[in-house]
Amino acid sequence: LSNNGVSSAVLILKISSSDVALFSTGSSTITVELSSSLVSDSVTVVFQDNYDVDGNEDIQIESTYAVVYYDSGDSISLSSSNLDGLPATITKIDDDSAGLDLSTSKCSKPQTSEDGMSCEVQLRLSSKPESSVSVDVEVLDTLYAYYSENETVAFTTTTWNKYQTVTIIGKDCDTVKNDPVSSYGIMFVASSSDSSYDLTSTLNFTHGDNDYVAILDVTDLTGDYTDEFGLEQTFDLGLDFQPSADIYFPINSSDNSEGMVDVNGVYFICDTSNLTTLLNSQFMDICQDGEYLDCSGNCVTGTASYWTCTDVVTAFDISFVTWDTTVSVTVMSKDDADVDGTQYYTITIGPGKSTADAYSGITKYLTFTSYDNDNLVSLYTTACTLAEKLGECEVGARVRMQDPRIASALLYLIVEDESALQVTPSSTYLTQTSDVNVTVSAVNNFIDNGDQNTKLTVGLNVTFSSGSQPATICFTQALNLSVTVLIIDDETAGLQLSQSGETWRQLKAIRDDSDETFDDYPLLNNLQLPVNTTYEYSKNETVEFKIRLTSIPTSPVFVKIFSDAINPNGGDARFEGIPFTSSGGTNGYEYVSETIYMNGNHIANIDTVQNIDGYALLVYAEANYSDYQTVSIIGLDDAVDDYTVPYNITIQLTSTDSNYDGLALTLLLQNKDDDEAGWEVFVEDGEDECSEPYYSKTAYINFFLTVEPKSTVLFYLSSSDTVEAGPDTTFVAIDKY
């Protein structure tokens, strides 16, 4: 319906040929009603199968009544010209064809035998004929079979689809054949006044020869090798023809450690209507008297006259089947965890056991190759020793890819400690049996950690050819192959000093085989540097040296540099020189320089250290252990005429790294003196006259020492003319400069 004021409509449709098609309601007409709640609708046409070979037909759908109702209440009848798409033409496609429908469903297969086996053939027409049809039955080779009845079968236009039976019976020709079966045909010739049924159809039969002995068939073998990765092969076991008695075939492997089968044997049941030989056979006792084998493989109480099981029944690892059923047998390798290489084994089927002597002793042999998975990799190198610095060793291996299933392999070495070793190449891709050489290199960690034992584990990823399951297998634990590596440490913890192109080392006191020997680097009680002199008169002429660590410490190392005090137990303590760090450290010493003038003249300089417990400090860690840092020793002026004075600078290390904690070294230095012992006398202006007491004038004489005395200096004073004048004291003692 459109929305132009139309409220509803009624439409009656009719099929032109009701014998060809009807609506889904089963009628040749149908009424369609449309309203505001159903504005569109569809109808279904169902064609009738008349089973006639009459070709394609056209039908028409037309309208016999069409009325439209408006919202106003008016209505109008519509002619066919007002109906879009009507009349509509639909074509019926004929699916019938003339032919004979032949069935051997009452036989296991279209076959006969010389033992009198027969087969019922059912036949009917595939479509309705226009007139009666007669079908003549003819055995094309009467040497093998004959029909027992119905040489001619008749069908009418009403019985054309009813099955009729023709029985084909095998004949004994009493001739020994080289093949277990022969082939022949049964021809069905149809004739009728309906020309479409002038036709012929042939059904092919097989004929079993009871003079043929070898009746065991091994077919559909999937392959002649297995492997310890889990590859299995299968084959089908069946009989060529129905035997005259039950047959049992045991199945065994010549080497169960290499390959085995999933069943111990197959029992073929000859006559499903007589189970006597099965229940209590002369070859095996499957069930006890009064029991029978059910389709679940269990012995149950009771009796059974017929074998009704359609599938394979397995009991006691033996498969029981009817003679015309094929049994699939699986052959599989066993992973023996033994490096025994490629092995061979034979699966023996038989000898057959049967009450019929002709079937006894039948045997088949299948030879298989078993590929080992335990010798995939062999190592030429199982241990190596290398120095930590630039040390290398070659690890050789052979990868075997004899299994045809292996498409490629990836060999690699798993490094136990990647900080200690490198492997080049890290992995090797292979497509055939090959030798592989891998270079193992030590990584210098610059840590004094002694000789290290580590391990390389061999890994192998095997990729199988397309379609194999699994597609890839990763071997590590299964290979159980490794290379032991001894890394010789080349570091010894210690302190290294450098001055003027020369270096010295004070290494740790306790050393093992991996460390530098005492012959090469004995412990130093003290060290006298080539440049070892400071000067009292110059702060620019210092003693400089550089220090660093010889290996990476495992924790921070604190390097204290301090000066030994002079006269610590007698007199005031003083220093001849103190250390300073130019960069990267801290300085704990502070001193004050004082310049002394007398009578306007420079007499002396004196340097006084403020903190006697001070020291310079450097801190080393992994990031800067090998960086040289400069230490400067500055000479101090003591204003004492003490010539050149020796003094010590001590370097002392503390750390939670036991290799560095407690390491110390004493440097022997000297401080060159610029002081000269002497004394000076002077008279101030205006104080150079004296008089007799009447005039009250006194002259003053001043005198002093030029350097600090080592003890009290006594001056004796006298006058050249004691009558005129003289000093007020004969002796003056001075103990300070």
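**Exercise 1. Find how strands S5 and S6 pair, and how many residues separate them.**

Step 1. Strand S6 covers residues 75-77 and pairs with S5 in the antiparallel sense over 3 bridges. Strands are DSSP runs of E with at least two residues, numbered from the N terminus; two strands pair if DSSP finds at least two bridges between them.

Step 2. The bridge partner of Val68 in S6 is Ile76.

Step 3. S5 and S6 form a hairpin with 4 residues between them. In the turn, Gly73 has a positive phi of about 100 degrees.

The model is predicted: local features need pLDDT of at least 70, side-chain atom pairs count only at pLDDT 80 or more, and totals for chains, interfaces and linings use all residues. Residues are numbered from 1 along each chain as its sequence is written, and side-chain values use heavy atoms, with hydrogens and water left out.

**Exercise 2. Locate Ser42 and decide whether Ser42 is buried or exposed.**

Step 1. Ser42 lies in the loop between strand S3 (29-34) and strand S4 (45-47).

Step 2. Ser42 counts as exposed because its relative accessibility is 60%. The cut-offs are under 20% relative accessible area for buried and over 50% for exposed, with partly exposed in between (1.4 Å probe, protein chains only).

Step 3. From Ser42 to Tyr429 the C-alpha to C-alpha distance is 67 Å, at a sequence separation of 387 residues.
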